[in-house]
Amino acid sequence: MSDLLSANLQCITGQTDTHLVDVQQHRLHYAIIDDFLSLQTAAKQAGFRLTIASSFRDFNRQQIIWDNKFSGLRPVLDINQRVIDITRLSDFEKCNAIMRYSALPGASRHHLGTDLDVFDSSAVSNDYQLQLTPDEYQHGGPFAPLSDWLDKNLTKYGFYRPYKLDLGGVAPELWHISHIKQSQLMLKSLTQTDLLRCIEQSHVLGKHEIIANLTQIYSRYVTNVSPP
Ligand SMILES: [Zn+2]
């Protein structure tokens with residue numbers, strides 16, 4: 001499917017991995033490694049073991065997540081972490097419900113290699129089952145101290161949280177951090193027309209509804225992020 005997309009667009013939409021390097025059993029964009037290691041060292045000095053839970057995810061992996069949610073094989077949650085009965089929703093309502101927590105394939109920031117989900121592995125036991133849910137990062141949760149530290153220190157090291165605030169698109173994800181300069185550089189190349197071409201060439205479930213509503217999807221879920 002990617003033959004018709006430029007090399008740059010393949011990179012942004014998760015269809016190539018040539019810009020990635022291995023770090024701590026994860027893959028990150030080569031241009032963010034130094035800044036990430038500086039952030040991690042500073043966190044360590046403040047008493048945290050800032051650990052990567054998730055980083056690069058390619059188009060195919062994101063499509064599996066998307067398709068499984070769209071078809072009901074994997075639960076779709078509401079803002080209160082309750083399972084939504086998606087059989088009652090129209091196809092476009094399903095897409096909206098999914099996009100609160102999972103990006104449209106081709107538009108996931110995890111395609112970039114500049115975005116990662118992090119936690120403090122020193123705050124929990126080795127067998128702790130990481131959920132990546134708001135209560136883990138809010139007051140009283142095991143990662144609340146790290147979250148407070150990130151609030152004050154992320155931008156010093158060139159990172160921010162694009163899903164810090166609820167702007168009506170993607171739900172807040174305090175565990176998700178992004179390299180400001182490199183992610184902005186890449187995402188400014190992803191126009192709505194580029195995303196349309198990417199979806200047209202794919203076989204994602206709900207493709208027809210996605211294409212019909214792409215203007216709304218693009219402005220509500222792709223460009224609608226919290227500022228650095
Ligand atoms: Zn994430």
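Author: In this predicted model, 4 strands make up an open sheet with antiparallel pairing, in the order β3-β4-β6-β5. Strands pair if DSSP finds at least two bridges between them, and strands (E, at least two residues) and helices (H or I, at least four) are DSSP runs numbered from the N terminus. Local features need pLDDT of at least 70, and side-chain atom pairs count only at 80 or more, while totals for chains, interfaces and linings use all residues. Residues are numbered from 1 along each chain as its sequence is written.

Reader: Switching to helices, at what angle do α8 and α10 pack?

Author: Helix α8 (residues 192–200) packs with helix α10 (residues 214–222) at about 115 degrees, their axes being 10 Å apart; axes are lines fitted to C-alpha atoms, for helices over the stretch in contact, and angles run from 0 to 180 degrees between N-to-C directions.

Reader: Which residues meet there?

Author: From α8, Gln192, Leu195 and Leu196 meet Leu214, Thr215 and Tyr218 of α10, where contact requires C-beta atoms, placed from the backbone, within 7 Å.

Reader: What about the hairpin of β1 and β2?

Author: Strands β1 (residues 20–23) and β2 (residues 26–29) run antiparallel and are joined by 4 bridges, with Val23 partnering His26. There are 2 residues between the strands, and Gln24 takes a positive phi near 50 degrees.

Note on methods:
Two residues are in contact if their C-beta atoms, placed from the backbone, lie within 7 Å.
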